[in-house]
Amino acid sequence: MTLKEEQLDIVLSLAQLDISQEEKTQYLTQLQSILNQMTALDQFDLGQIPPFETGSLTSSELREDKVEPSKDLMLGVNAPHWELHCFRVPKII
Amino acid sequence: MVFETVIGLEVHAQLKTQSKLFCACSVAFGASANQQVCPVCLGLPGALPVLNKQAVYFGIIAGLMLNCRINRHSVFARKNYFYPDLPKGYQISQFELPLCEKGYLDILDQRRIGITRIHLEEDAGKLNHIGSNSIAGAQGSLVDLNRASTPLIEIVSEPDLRSGQEARAYMELLKTIVEHAGICDGNLEEGSLRADANISLRPMGSTTYGTRTEVKNLNSFRSLEMAIQVEVERQKNILLSGGTIVQETRNFDEATQSTTSLRSKTNAHDYRYFPEPDLPPLVLTEALIQDIQNTLPEHPQKKKARYLNDYHLSESDCKVLLQDIQLDAYFRETLEKGAHLAPKDICNWVIGDLTAVLKEAHSTFSTTPIQPEMLCELLTLIHQGTISGKMAKDILVTMQQSGQRPKALVDKMGGGQISDESELRGIVDAILDQNLEVVVKVKSGKSNSADFLIGQIMKATKGKAKPDLARALLLEQIEKRVL
Amino acid sequence: MLLIGNYIVLGFRKLFKVMLFSSVSQLHHAFKSRQLKVVDFLKQTLAHIHKTDAEFNAFLSLSETPGLMASAETLDIAYDRGENLPLLAGIPIAIKDNICIQSQKTTCASKMLSEFISPYDATVIQKLRSHHVLMVGKTNMDEFAMGSSTENSAFFPSKNPWNRECVPGGSSGGSAVAVASGQSVISLGSDTGGSIRQPAAFCGIVGLKPTYGLVSRYGLVAFASSLDQIGPFARTVEDAAILLEAIAGKDPHDATSASYSFIKPSFENLSIKGLKIGLPQELFSDAISDDVKQTVLTAVEVLKSEGALVETVSMSSFQAALSAYYIIAPAEASSNLARFDGVRYTYRSENPETLSDLFKKSRGQGFGSEVKRRIILGTYVLSSGYYDAYYLKAQKLRTLIKEDFKRIFNTFDVILSPTTPSTAFKFGAHLQNPLAMYMADIATIPANMAGLPSLSIPCGFSSEKLPIGMQLTGKAFDDALLLKIGHVFQSKTTHHQRYPEGVFHGV
């Protein structure tokens, strides 16, 4: 499967990542060689095999619907832009 | 060219749990910004979700009341996208294996609307835009995560609705059901119930679907119906002029009564769903489902049938009762305490006079001092003939103002209505004596004059004369007079 | 002459060195008998760290606070009174910097979190507090746990104490260096594809990845949720077992944690007679260096001489395990790292004009290149049109791996292999070729994919005097068995008693 730059652009948009043109070229090559390795999977007949399910070893223990009071979470300390006790972000459009 | 309208509704209902879907933060309304938060709903590094049992039960209840199959094995999935009100950068929802599937809701006249699925998911936080009411024109936004991770169920209908009217009926019934089930407040205006409409047109008789648009911002039943009408018109005009519909999300604007494009529903929203690795599959036992089935609240449609057939209430009575859960609860409580009274009478009083009195006094069924058993007492006094209906209306007002019981108020008035014939006859005679010229008028056929005399009798008895008896005696006594 | 445990000590200098390489039990005994004060040992530990870390760079931050000293003093008072304290009380421990400690920086060795102060404790940290350990600092790692050399740290690489031109392994490089160099007695790391076991092998110490679900992940910054586990580093298997007992157990904050607890087994009179060991031929292939193969096979002879029965087995699913891992792990990571968006607690790019600016620039600048590479790969394999071809296929192969292990464990008790294909490589050796770096994990990945416990024990040295590790993998929740076998091995060998001589020279 050949990875094209247009596909990489779509992925970068989905992942919200800005990278330089240099990095793009580098990643294209590297990702291509990584993806080429994935053909190792094709030597197995996977048709009828069910996909792995996480947490299938554990019982689904549910939480009781009780409220626990909130603690100090140092929101203002860690927030890049804290205003009126909210996280401020720039204009969306 | 005749077009058929095809509508599917996606409805989100906020569940009435105490805590959030994946953490123990409160979901109570009205807290100041970012107070009801914790590492989990904030999406702090290292935090993990743990599923709320009550939310699962509520989801099962919704499924059972909407005739769905409850999946014994369902899986949570991540819906990945970036937005400031989505702290983890993904929403935990359900995708391939939802909690409930393949249900239905019968609306209007035996119209069965299919329900594709119901699944659990978490709500996002809130954005308050700075310098504008909406995103457009805002200088920035403030993110409040109190609401983040509030439990929701998403109810997806099959594209079986064919008009705005049907869509409205569906929503109204859905609201009634979730309210009756006790799982959701069902308030469109406040946002505990939210609807998005998927609308498309196709030539009548066609079985393939046309391109659909999604319409958002439908925060009342009225705007739901209107938005659909408006969007159908818009699509019709495009198709008739040879154009094609763009698959997109549109916003309904109540003020301009139109829909405007929000964004294209294209690959930009590839959500890359995959099973949530932090949550094991949700496995439900037969015993649990059976338990919930056994304790389900009465289905509103069953209730309506009972009201119509057993209580002999009218269609419009039922509509009012089913739409207002507090009113209905009050009605039922009064009925419980007054088995000797006719349900229709109780219903009339609750829907009519009591509602009016509460409105005037800015009170509600839950805050009024008039307890159901007090209303029952009042109606019993009418039933016994102790007071007239008119008297009762006045007493009701006083009951709201003072909180006193009807019997006490009647005693204060100096007793109930006068129903003793001889006493009343005496009073009637006295009035006639004082109004001889009116008697003549009545005898010559002017019935209005009789009303005047009734009024005088009422005045003299301070409203306590039993009206029908007074009228009967009046006519009798007039008849007796030779004049 | 002073007696501490089994060591006869001559003079203060040697005493000092030996003490730093003591075991938990030895130290506990010394504290209890008041031969050694908690405060003194802490001071010596910190002094040693200061002397050596300018070179090794194991630590990103130290917790050298009055609070730490006060804790040590309180413990001394308790020991003075003869109070019954847990084995771990007063023992210095280093914590990998992707595990949250309240009011301390948790950076994950990334620019994205370089200023982040965690407002809460990870569950394992809360448990450690109840054991009165002394948390001396946060250790270096590959950024967001992605890497096998600690070269991907946004700050600086850590050095292998056995050879400073070589990597210590990754991603838990710093934690491995701390224990290998005597800077701490024990440490915590995390393992997603080998990130505890591989640096343990490279640094000549013990590293355990517990059964998935045995240790809570609450407070561990997630890399790949279905693969991550926190685990212990130590110089002896017994110390690893003691530490595992302290941190294991069901956690109501982690829905994937299992209802199993771990109690440290007795190590008295152990016998591995009749123990059936399988050697997967796929992990003794040409991909593994001769040096490593030979050393591990020699170690196997030790186990044989103790009565174990050894046979070669075939686990064909292992051939594709690496590919499947490099689909699943990046996929989950691409989603787990979406929360780092510049909004609430991360690095934010300067003066973003729009929201899109904020997201794209903060993430583009805040993440290092390996992290970006994996996010891109992960996003791609989950995206529309590619999900079935990659992610779904990989999860199916994962079932096959699980079945392969199940099949083998019908007949065998454990699986044994080299931990790594080579000894510690030189800095820069694989930086241009990510694929070559990924190959470092071929032997460790299968255990993560199947959720099974896996232990790396030092079993010898290469001709270049670099440590070599041998890996034991067992059935789910059979962690105790692996530790017992490891203990038997260590009771018959001395590899684990060697420490890098260079640690006390030239610093």
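How far apart do the C-alpha centres of domain 2 of chain B and domain 3 of chain B lie? They lie 32 Å apart.

This is a predicted model, in which local features need pLDDT of at least 70 and side-chain atom pairs count only at pLDDT 80 or more, while totals for chains, interfaces and linings use all residues. Residues are numbered from 1 along each chain as its sequence is written, and chains are lettered from A and ligands numbered from 1 in the order in which they are written.

## Domains of chain B

The domain assignment of chain B gives domain 1 (3–287), domain 2 (298–412) and domain 3 (421–480); such bounds come from an automatic or database domain assignment. Between domain 2 and domain 3 of chain B, 4 residues of the former are in contact with 4 residues of the latter. Contact here means that the C-beta atoms of two residues, placed from the backbone, lie within 7 Å. The side of domain 2 of chain B that touches domain 3 of chain B has 1 nonpolar, 2 polar and 1 charged residue. In this classification Ala, Val, Leu, Ile, Met, Phe, Trp, Tyr, Cys and Pro are nonpolar, Asp, Glu, Lys and Arg are charged, and the others, Gly among them, are polar.

## Interfaces between chains

Chain C contacts chain A through 56 of its residues, which meet 40 residues of chain A. Helices H10 (318–336), H11 (355–366), H12 (369–382), H13 (388–411) and H14 (434–438) of chain C each supply at least two residues of that side. H13(C) gives the most, with 11 residues. By class, the side of chain C that touches chain A has 27 nonpolar, 16 polar and 13 charged residues. Helices (H or I, at least four residues) and strands (E, at least two) are DSSP runs, numbered from the N terminus.

Between chain B and chain C, 26 residues of chain B are in contact with 32 residues of chain C. Helix H1 (39–42) and strand E4 of chain B each supply at least two residues of the chain B side. That side divides into 16 nonpolar, 5 polar and 5 charged residues.

## Strands of chain B

Strand E4 (residues 76–80) of chain B is joined to E15(B) by 2 antiparallel bridges, and B:Ala77 has B:Pro275 as its bridge partner in E15(B). The open sheet has 3 strands in the order E5-E4-E15 (chain B), with antiparallel pairing. E5 (90–94) and E15 (274–275) of chain B stand at the edges, and because each has a single partner strand, one side of each is left without a neighbour in the sheet. Two strands count as paired if DSSP finds at least two bridges between them.

Elsewhere in chain B, strand E11 (residues 193–203) pairs with strand E1 (residues 3–14) in the antiparallel sense over 11 bridges. E11(B) is also joined to strand E12 (residues 213–216) of chain B by 3 antiparallel bridges.

## The sheet of chain C

In chain C, 11 strands form an open sheet of mixed pairing, in the order E3-E5-E4-E6-E8-E7-E12-E13-E11-E9-E10. Strands E3 (59–62) and E10 (309–313) of chain C are at the edges; each has a single partner strand, so one side of each is left without a neighbour in the sheet. The twist averages 30° from one strand to the next; axes are lines fitted to C-alpha atoms, for helices over the stretch in contact, and angles run from 0 to 180 degrees between N-to-C directions.

The table lists pairings within this chain.

| Strands | Bridges | Sense | Opposite residues |
|---|---|---|---|
| E4(C) and E5(C) | 5 bridges | parallel | C:Lys96 and C:Thr139 |
| E7(C) and E12(C) | 3 bridges | antiparallel | C:Lys209 and C:Ser454 |

Strand E4 (residues 92–96) of chain C is mostly covered, with 5 of its 5 residues buried. A residue is buried if 20 or more other C-beta atoms lie within 10 Å of its own, exposed if 12 or fewer, and partly exposed in between, with C-beta atoms placed from the backbone. C:Pro92, C:Ala94 and C:Lys96 point one way from E4(C), and C:Ile93 and C:Ile95 the other way.

Helix H16 (residues 479–492) of chain C lies across E7, E11 (414–418), E12 and E13 of chain C, at about 15° to E12(C).

## C:Leu466

C:Leu466 is found in the loop between strand E12 (454–461) and strand E13 (467–474) of chain C. C:Leu466 counts as buried because it has 21 C-beta neighbours inside 10 Å. Not counting residues up to four places away in sequence, C:Leu466 touches C:Trp162, C:Asn163, C:Cys166, C:Thr423, C:Ala424 and C:Phe461. C:Asn163 is 303 residues from C:Leu466 in sequence and 7.5 Å away in space, C-alpha to C-alpha.
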